[in-house]
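User: I have a model open and want to learn how to read it. Can you take me through it feature by feature?
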Amino acid sequence: MDRFLQYAVAGLSAGRLYALVALGLVLIYKSTRVLNFAHGDVATFGTFAAFALLSRDHSFWIALPAALLAGAAASVLFYFGVLAPAQRKGATLLGQVILTIGLALILQGVVVFAFGTEPDRMPFPLSDSESRRFGPVYVSELSLGTLAAALAACVAVYLVVQRTRLGLAMRAVSENLIAAQTLGIPTRRVLAFAWATASALAVVAGLFLAPALLLDPFFMLDPFLKGFAAAVLGGLGSLPGAVVGGLVLGVAESLAGAYAGIAFKKTLAFVVIRAVLQVLTEGLLGKPFKERV
Amino acid sequence: MSALLKAAGVETLYFDRIRALSSVSLEVEQGEIFGVLGPNGAGKTTLLRTIAGLLPDQPEKGSIELAGVRIERRRPEEIARMGVVYVPEDRGLFRELTVAENLELGLWGRKGNLEATHAMFPILRERAGQQAETLSGGEQQMLALGRAMLRRPRLLLLDEPSLGLAPQMANTVLAALQEIARAGTAIILVEQNARLALRIAQRAAILEAGRIVLQGTAQELEEHPDVREAYLGVATVIAQKAWRLHRRRRRW
Ligand SMILES: Nc1ncnc2c1ncn2[C@@H]1O[C@H](COP(=O)(O)OP(=O)(O)OP(=O)(O)O)[C@@H](O)[C@H]1O
Ligand SMILES: [Mg+2]
């Protein structure tokens, strides 16, 4: 039982990161109808910005906002410079997805060019090995920090989307772009804000994942795919669904690793997704898709 | 007096090759209700969408001026901010948001309150907390109009506002339109229901296959033999689209 709990907690820990990635993906998908394949690379980009600052002995409280800003800036530039003009020209959804792949490659190139491909340790104020004991379960400092950060990020997103005028505009734009345009709502700025928020979320995930492993330019690939899976699991159009999907996926993966062998860790998680989608075709919290008019 | 909206030689294409409007010219005065009639597929909706800037890189040819300022090929947000509001056939509501939230979005970027809106459509106050998609068709139309009016438009583009409304409700909406126009807003009113439209419009145009085939005062059109035959002939409100079944040779 203790073993089960320990693995479940470890799973939740990974799941929180998947949830952050998924949350951003869903935010972008809901607002711009684009699956953002650059999401992981935006996170990498931001994380390396933090890495550059941290390894020059800047404080974490400078590195954190700088990293969020770097990630957000990259995607806002992409949105205004590439995606919005393409959408205005009537680019197909597939074409737009390919544009995001282009962004992914560019960001990857920038990171490789600036930092090389050698794995590096990320200096970080929280340790992965120091842990606290809660009853039968050990939780590392880093994991606690991740929990706090993920919670803060989710609450912040919830408040912005549900409680502010800008969030209201985001919901409006995501539901009916044309109506929002004809009301004079600055839809492009609203959408750029959605991209920025989503990217900042991904950077948070990257920042708190990096210290647990060695940092290299491709370290976000796996969490990106997991976040993607989590978003689908939660029902691609639902923000709470993304969070639930991420947590479920993290736990499923961790337990699979513990009881079915490490080799099955990833496979089994996807079997779970397959099984869920078999029963709930719209995902855990998704709504049946309604064509937008 | 020079017209508020002046469209000249407007030509709109879909996919760069399907011509939906050819050399459409019209002028609408401030405070005027201008009716646009025509069969299905004539290009009425396309005309409104072209004016509202919702068709990227269209019109292909021609000019559209609002109070002397060229607006063609601008972005829809910009045109909206210049005082043009488009209410599409499906009302363009945010269906998952509440009535109050829909109205709040109508006030985007300006100060104002809902007093006048609630005075015009008291039902919207009662329904404030309800999701827009749970409103009846007539209530939705009132919400769409109320929200549009919050923007104090100079020009209101309405696509078939009477669609799906019982005669009683259609009359309520039309009365509201007359009130709106009296306050100085110009309205382009696209209607299938010619009788209804000609009753409140000062002038109107008939659009067929992307061209204006007839244009004049409401009275001129009402008395025109072809219009009587094709658009008013069988017109009871219930059989509003029945003219299609009676298509005969026409003189234009
Ligand atoms: N998005 C589109 N893509 C391609 N062609 C279109 C599109 N929208 C309209 N058309 C074509 O343009 C023409 C005019 O359509 P439009 O919707 O403007 O007609 P309408 O007069 O509003 O008809 P209705 O009375 O049925 O609403 C039609 O032939 C239609 O097939
Ligand atoms: Mg139409």
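Analyst: We will go through the model's basis, then the ligand, the sheet, the chain contacts and the backbone.
This is a predicted model: local features need pLDDT of at least 70, side-chain atom pairs count only at pLDDT 80 or more, and totals for chains, interfaces and linings use all residues. Residues are numbered from 1 along each chain as its sequence is written, chains are lettered from A and ligands numbered from 1 in the order in which they are written, and side-chain values use heavy atoms, with hydrogens and water left out.

User: Which residues come nearest to ligand 1?
Analyst: A residue counts as near if one of its heavy atoms lies within 4 Å of the molecule. Around ligand 1 there are 14 residues, and Asn40(B), Lys44(B), Thr45(B), Thr46(B) and Gln192(B) come nearest. By class, the shell has 5 nonpolar, 6 polar and 3 charged residues. Here Ala, Val, Leu, Ile, Met, Phe, Trp, Tyr, Cys and Pro are nonpolar, Asp, Glu, Lys and Arg are charged, and the others, Gly among them, are polar. Helix 1 (residues 44-52) of chain B gives the largest share of the shell, 3 residues. Helices (H or I, at least four residues) and strands (E, at least two) are DSSP runs, numbered from the N terminus.

User: What is the strand order of the open sheet in chain B?
Analyst: Strands of a sheet pair through backbone hydrogen bonds, either parallel or antiparallel. Two strands count as paired if DSSP finds at least two bridges between them. In chain B, 4 strands form an open sheet in the order 2-1-4-5, with antiparallel pairing. Strand 2 (18-28) and strand 5 (69-70) of chain B stand at the edges with a single partner strand each, so one side of each has no neighbour in the sheet.

User: How many bridges join strand 1 to strand 4 of chain B?
Analyst: Strand 1 (residues 5-14) and strand 4 (residues 61-66) of chain B are joined by 5 bridges. Ala7(B) faces Ile64(B) there. Strand 1 and strand 2 of chain B pair over 7 bridges. Their hairpin has 3 residues between the strands, and Phe15(B) in the turn has a positive phi of about 50°.

User: How many residues of chain A are in contact with chain B?
Analyst: Contact means heavy atoms within 4.5 Å. By that rule, 23 residues of chain A touch 32 residues of chain B. Buried area is the accessible area (1.4 Å probe) that two parts lose on being put together, summed over both. Between chain A and chain B it is about 2,500 Å², with 55% from carbon and sulfur atoms.

User: Where is the cis peptide bond?
Analyst: Most residues other than glycine have a negative phi, and most peptide bonds are trans. The bond from Gln58(B) to Pro59(B) is cis, with omega near 5°. Pro59(B) sits in the loop between helix 1 and strand 4 of chain B.
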